[in-house]
Amino acid sequence: MSKTSFSLLAAALLGVVTAPAATAATPPEATAAAYVFTDGTATEGLTAENADIAAPLLASGYTAAHPGWDIRLSDETYAPADMRVQDYRAKASHTGTGAGASTSGFVSLVDGGSVPFAVVRPHSRSVSCTVDGPLFTGGGGGYGVWVRGASGALELVDVDATGVTTAVPAGQAGGAHVPTTVKVNRYSVVGQLSGYSAFAKYDGRAKAGTLGWELEITQGAQTYRVLVGAVAASC
């Protein structure tokens, strides 16, 4: 690492359905993810539960899961020129009566060059709840997605569009650039994150909420996913 590295079962008898025994409510819980990377087989991430992750320059490094990419958090060296200086923060906490999670900052995906091939700024996102009160979800500030253009400079793309660029495959350290598409998926339903183990437990809970962004990155037949700034909480 570089810098500050880093399921109701119902039973029927003689045609009469018997209600299941009452179970205790799930205690308040919250999760925040700075990022989660997966190629469909290997998964790596930086998540917080009852913890606070904060750093001005935090990087995954070129790891065994993605030897061709470095995932960097709030590193102004690799950010668009208009990105304000800020520490990346992912925080989640819970008590016996409530839970909350929040993230803020931006993520740069670097493939060895001086300019990243993609940057996403989900900005601040939060989810919170109390046992006796409602669930709150929200966020502040703008958001944006940039991809490296043909000129080598970062270009802002519509967040609901697919950016087209070239990049080194995540699984090939020092590999040649290949055509790359970067699609942004925005999530706000807990079931949408059930494919990520850190968030799967929230699916099906009565009072639960989530917010998160996912970069769906396709290179030929291979698709990589990078969950960015995701938060979830339940009470």
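The questions and answers below are about a predicted model.

Q: Why is the pair of Trp-69 and Phe-117 called tilted?
A: Start with the distance: the ring centres are 5.0 Å apart, and rings count as a pair if their centres lie within 6.5 Å. Then check the angle, which is 50 degrees between the planes. Stacked needs under 30 degrees and edge-to-face needs over 60, and the rest count as tilted. So 50 degrees makes this pair tilted.

Q: What makes this pair a tie between separate parts of the sequence?
A: Trp-69 sits in the loop between β6 and β7, while Phe-117 is in the loop between β10 and β11. Those parts are 48 residues apart in sequence, so the pair ties them together.

Q: How do you know whether Trp-69 and Phe-117 are buried or exposed?
A: Look at the relative accessible area: Trp-69 has 0%, and Phe-117 has 0% too. Buried means under 20%, so Trp-69 counts as buried and so does Phe-117.

Q: Why is the pair of Trp-69 and Tyr-224 called edge-to-face?
A: Here the planes stand at 65 degrees, with the centres 5.0 Å apart. Edge-to-face asks for over 60 degrees, so this pair gets that name. Tyr-224 belongs to strand β19, 155 residues away from Trp-69 in the chain.

Q: How do you know that the charge of Arg-205 sits over the ring of Tyr-202?
A: The charged end of Arg-205 is 5.0 Å from the ring centre of Tyr-202, and the distance limit is 6 Å. There's an angle limit as well, within 35 degrees of the ring normal.

Q: Which residues touch the most other members of the largest nonpolar core?
A: They are Phe-37, Leu-109, Ile-217 and Val-226, in a core of 42 residues. A second, separate core has 12 residues, including Tyr-202 and Phe-199.

Q: What makes β10 and β11 paired strands?
A: Pairing takes at least two bridges, and three join β10 to β11, so they pair. One example is Ser-108, whose bridge partner in β11 is Val-119.

Q: Why are β6 and β15 at the edges of their sheet?
A: The open sheet runs β6-β7-β10-β11-β14-β15. β6 and β15 each have a single partner strand, so one side of each is left without a neighbour in the sheet.

Key:
Residues numbered from 1 in each chain as written. Predicted model: local features only at pLDDT ≥ 70, side-chain atom pairs only at ≥ 80, totals over all residues. Heavy atoms only, no water. Phe/Tyr/Trp six-rings, centres within 6.5 Å; stacked < 30°, edge-to-face > 60°. Helix = DSSP H or I, 4+ residues; strand = E, 2+ residues; numbered from the N terminus. Buried < 20%, exposed > 50% of the residue type's maximum accessible area, 1.4 Å probe, protein only. Core = buried A, V, L, I, M, F, W, Y, C linked by side-chain atoms within 4.5 Å.
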